[in-house]
Amino acid sequence: MSTKDFENYLLLELSRSRHTADAYLRDLRQFVDWLTGDTGSQFDPSSVTTQDIRAWLGSIARKEAPASIRRKTQSLRAYFHWLLKNGKIRLNPAADIILAKLPRRLPEYVKDDEIETLLETLEKTTDYKTRRARFILLMLYATGLRQEELRQLTDDDIDFSLQVAKVTGKRNKQRIVPLAHQMIDEIRKWQNIRNDRYPDLSNPIPLIPGTKGKISKGNLYKQVHDTLGNISATHKSPHLMRHTFATAMLRNGASLDAVKEFLGHASLSTTQIYTHLSFSELQASYRAAHPRSKDRSPADI
């Protein structure tokens, strides 16, 4: 059975995203290359043992982040489960491999005044690329979309009468995201700018085009990273704006359930990290402001 069959299994049966399927296939190729080495021997999945997989993961442990190690383990689990399901092996050698634990880090976000000042500054420019960068930032900040979700949006996904966007998220799950009246105006203005630049786009028209259809993932990332250059946050990425959206919503009174639906999270536990962020801010404010929270010397007692 070919890797193409495994790819179809990931995409069609497990409903993995294109991005995830590509990552799993890369992981599998990396494992096969390591296992066969320079011997030129044929890869035989039925001969793979749990010890082989542990040895491979151990060999890359110092070079790879825990999240990467965890995904590679999941990639092999999925591959050998697929083989087992199709009767090609008797046991899944990856089934008992413990997933690497991920460090629990609070997400960064852009401060309200920083992002608003940046958007106002960018609005004064007439250069097409700068306007496109501003619109990308604004959409991410106003909707909390993932990078890939924004890339996939077309004009057909925007309902101006209902003021909503139809978003296709992970595993092709669709959700409806409300759009503020101001955001509707921004989208209309952007479409005029885009149409002047690309008058012959074919249907379905990508909301944010590149030179060949929709904007590429690398170009969108670069637009966000470069535009956020002077922002205080460390990791200047599209996902930073998703964190910024969620944090702003919760700090201004939105319920956790509402934010979960906006973000398209499958589980409320995924969204709860933003409550931890808000609580850490609350603690910092308390320590900075309340007299009883400060360390006192013996002479003060």
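The structure is a predicted model, in which local features need pLDDT of at least 70 and side-chain atom pairs count only at pLDDT 80 or more, while totals for chains, interfaces and linings use all residues. Residues are numbered from 1 along each chain as its sequence is written, and side-chain values use heavy atoms, with hydrogens and water left out.

**First stop: helices α1 and α4**

Select residues 3–13, helix α1, and residues 66–85, helix α4. Helices are DSSP runs (H or I, at least four residues), numbered from the N terminus. The two axes come within 11 Å and cross at roughly 100 degrees; axes are lines fitted to C-alpha atoms, for helices over the stretch in contact, and angles run from 0 to 180 degrees between N-to-C directions. Helix α1 is therefore roughly perpendicular to α4 (a term for angles of 65 to 115 degrees).

Next, display the side of α1 that carries Asp5, Phe6, Tyr9, Leu10 and Glu13; these residues meet Ser75, Ala78, Tyr79, His81, Trp82 and Lys85 in α4. Contact here means heavy atoms within 4.5 Å.

**Second stop: Glu7 and its partners**

Select Glu7 and Lys4, which form a salt bridge with the closest N and O atoms 3.5 Å apart. A salt bridge is a side-chain nitrogen of Lys or Arg within 4 Å of a carboxyl oxygen of Asp or Glu. The two residues are three apart in helix α1, so about one helical turn separates them. Glu7 is buried at 11% relative accessibility, whereas Lys4 is partly exposed at 47%. Buried means under 20% relative accessible area, exposed over 50%, and partly exposed in between (1.4 Å probe, protein chains only).

Select Asp27 and Lys72, a salt bridge with closest N and O atoms 3.1 Å apart. Asp27 lies in α2 and Lys72 in α4, so the pair ties together parts that are 45 residues apart in sequence. Asp27 is buried at 1% relative accessibility, and Lys72 is buried at 3%.

**Last stop: Gln223**

Finally, select Gln223 in helix α9 (residues 217–227). This residue is buried, with a relative accessible area of 14%. Not counting residues up to four places away in sequence, Gln223 touches Lys129, Arg132, Ala133 and Ile136.

How values were computed. Parallel < 35°, antiparallel > 145°, perpendicular 65-115°, else oblique.
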